[in-house]
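Please keep the sequence and the 3D view open while reading.

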Amino acid sequence: MNSNLQLWLHNAGISDVQAKIYLAALSAAEGSAQDIAQKAGLSKTGIYDHLTNLAAFGLIREIKVGKRKRFVALHPKELYRKQKAHTAQLKDLIPDFLSLYAQDSRSPFVQQFEGARPGRYIFEDILESGVSEYSYISSPEVTRSTVDQAFIKNWIDRRVKKGIHARALRVPSKHMSDDPTFRDSVALLRRVRYLPSYMELKSTVYIYGKNVGIISANEEGRAYLIYSPDFAFTMQAVFDLLWGIGTHTE
């Protein structure tokens, strides 16, 4: 049998024996336990347990033909859809996992995210962190280059519903001055102050609770979540210093 297929199934969490059985069932299209055992080069002893486990995993389906049991392997295209759906579900649950990760630990850790819109992980983690306020330093261009406009507007709505306030330090921007999404707003629970216009930012820094999120612009395409009470405390102190010298107008 194709060793690459067996290796992929093994990496997906399926034992070597069960991988052989699935591939044998796949080649048989439909067969009895004995037929599949013979194709896999295995004895019939214990194969029913393996078939039951594969059925629970969704890779094998049992059908009855009269009084006989027959087994059908999941079609390769369905296997791909199943894996793709599983990956998509995991992506949606990442913020929930992060909210639990090292929850009771005092040891700092760093998570790195990649992809077209890595900033989403940081935004979702802010919503799940349980904070009542967060602070961030950004330029609107950086924000828009790391998360799309539709997402950020939806996210702001969810943030406001959760009652999470925001303090933003921004570098003045010619392109974003008329966009209410990024303005000082009581309705959006956001206060904004401005840093000197000569400053240039290529990353956005978010400080919330014991976490610091860093979202790099498109050149790097990365986002980092740093859990460190000491680092978050220090970054908040730096933010508060800059907040004190920030201006209310661009």
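Of the contacts in the protein with a separation of 6 or more, 66% are between residues 24 or more positions apart, a contact being heavy atoms within 4.5 Å. This is a predicted model, in which local features need pLDDT of at least 70 and side-chain atom pairs count only at pLDDT 80 or more, while totals for chains, interfaces and linings use all residues. Residues are numbered from 1 along each chain as its sequence is written, and side-chain values use heavy atoms, with hydrogens and water left out.

The protein has nine helices and nine strands; these are DSSP runs numbered from the N terminus, with helices being H or I of at least four residues and strands E of at least two. Among its 250 residues, 40% are buried, meaning under 20% relative accessible area, whereas exposed means over 50% (1.4 Å probe, protein chains only).

Helix 4 covers residues 47–57, and Ile 47, Leu 51 and Leu 54 are buried in it. Viewed down the axis of helix 4, the buried residues fall within an arc of 60°, so they line one face of the helix; the arc is taken over the directions from the helix axis to the C-beta atoms. Asp 49, Thr 52 and Ala 56 are exposed on the face turned away from that buried side. What do the buried residues of helix 4 pack against? Their partners are helix 2, helix 3, strand 1 (60–65) and strand 2 (68–73). After helix 4 comes Gly 58, which has a positive phi near 90°.

The packing of helix 2 against helix 4 has an angle of about 80°, with the axes 10 Å apart. Axes here are lines fitted to C-alpha atoms, for helices over the stretch in contact, and angles run from 0 to 180 degrees between N-to-C directions. Helix 2 is therefore roughly perpendicular to helix 4, a label used for 65 to 115 degrees. Helix 2 contributes Val 17, Gln 18, Ile 21 and Tyr 22 to the contact, and helix 4 contributes Ile 47, His 50, Leu 51, Asn 53 and Leu 54.

Helix 2 (residues 16–28) also packs with helix 3 (residues 33–40), at an angle of about 110° and with axes 8 Å apart. Helix 2 is thus roughly perpendicular to helix 3. On the helix 2 side, Lys 20, Ile 21, Ala 24, Ala 25, Ser 27 and Ala 28 take part, meeting Ile 36, Lys 39 and Ala 40 of helix 3.

How values were computed
Angles under 35 degrees count as roughly parallel, over 145 as roughly antiparallel, 65 to 115 as roughly perpendicular and the rest as oblique.
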